[in-house]
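Subject: Structure for you to look at

Hello,

Here is the structure I said I would pass on. My notes on what was found in it follow below.

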Amino acid sequence: MWCLRPLSVLLLLSTVPTGSEVVQSMSDCSDFLLHNSPPNIPGILEDGNILDQNRYKPICQTYENERRFVTLYDTENKIPVFSAYKYRGDGGSKPNIHWKIEPQLENRQGDRNMGRETTGMTYTHQAQDKDYKNKDKLDRGHLFPRSHAFSETDKRSTNTLTNIVPQAEQFNSGSWSNMENCVKCVMDKYCKDNNGVPEGFVVTGQQPGNNKLNNKVNIPKMLWSAFCCYSGEKKKWLASAHWGDNVKSKDKYLQTRTLAELQNLDSGFQVFPKTQCPLDETVKEFYPDFDKSCQCPPPA
């Protein structure tokens, strides 16, 4: 029997995915999508098909040889169309680390892991660290925020420029940040399956604007986010959506909306197609359950 072991090991290794992390289809990295179903974004991603595969690249965001989340990246606007991830709770600290890029956007034979820029190299298919240096009070706005990542290494993986858009500083640190905190509180309490295991699905994206940061990176005109989960406690599916204009604003909160309201912004737009996510309900009824630290909007 000993002679069979090397063969069995080789057969096992042959089944392990070794392909690049800039992949051909959203289906190659569908574990981060509810029911493995990608959003439907008219003119970009329809029925799971990327209409312009030269421009839009699906990235299985890989850090330390592990896939962490998925992004559809726009190589012309140099920003993500959206990032999608599975919320599993928050179990790590928030590390301060260097910004990373996706090597395979420049060279399909490059490292499968996100990594540091090569000093002196100019990247033509994605944004670089220097592209975000500005005096216009534009932050590096995460689509998959560190606060929603499960472990410390997961949090490190969110610091890739392929998960970032230029976001108005006051918007990022104000109403958008409060929304992320509130959604996190809802998912922590109610997005648990029948075994008490946390699991929620989030998709966050943007609408491109007409201006560019440093003549290279598109500045979105608005950002949107939606989540959906099954609540073992409530015995039903829960969902809500938020969006806001990417401008300086003193507003403390974003309005909590239904998926239908978000999807009505563009005909054919669907965040969670082929799922049981409620289109006409929100989670506003649960906000009184949380203290002020969750930053949920007060009752109207």
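The protein has 4 helices and 12 strands. Please keep in mind that this is a predicted model. Its radius of gyration is 20 Å, close to the 19 Å that the globule rule gives for 300 residues, so the protein is as compact as a globular protein of that length. The C-alpha trace spans about 70 × 50 × 40 Å along its principal axes.

Some overall values come next. Of the 300 residues, 53% count as buried. If you take the contacts between residues at least 6 apart in sequence, 66% of them join residues at least 24 apart. The protein exposes about 14800 Å², and carbon and sulfur atoms supply 46% of that area. As for charge, there are 37 positive and 36 negative charges, and their mean positions are 4 Å apart.

Leaving aside residues up to four places away in sequence, Phe-227 touches Val-183, Val-186, Met-187, Cys-191, Phe-201, Val-202, Leu-238, Ala-239, Ser-240, Phe-272 and Val-283.

Most residues other than glycine have a negative phi. Glu-64 is not a glycine, yet has a positive phi of about 50 degrees. Glu-64 lies in the loop between β3 (56-63) and β4, and counts as partly exposed because its relative accessibility is 48%, which falls between the 20% limit for buried and the 50% limit for exposed.

The other position is Asn-214, also not a glycine, with a positive phi of about 55 degrees. Asn-214 sits in the loop between β9 (211-213) and β10. At 40% relative accessibility, Asn-214 counts as partly exposed too.

Regards

Definitions and conventions. Residues numbered from 1 in each chain as written. Predicted model: local features only at pLDDT ≥ 70, side-chain atom pairs only at ≥ 80, totals over all residues. Heavy atoms only, no water. Helix = DSSP H or I, 4+ residues; strand = E, 2+ residues; numbered from the N terminus. Rg over C-alpha atoms; globule rule 2.2 N^0.38 Å. Buried < 20%, exposed > 50% of the residue type's maximum accessible area, 1.4 Å probe, protein only. Contact = heavy atoms within 4.5 Å. Areas by Shrake-Rupley, 256 points an atom, 1.4 Å probe, with all protein chains shown as cover. Lys, Arg positive; Asp, Glu negative; His and termini not counted. Charge placed at Lys NZ, Arg CZ, Asp CG, Glu CD.
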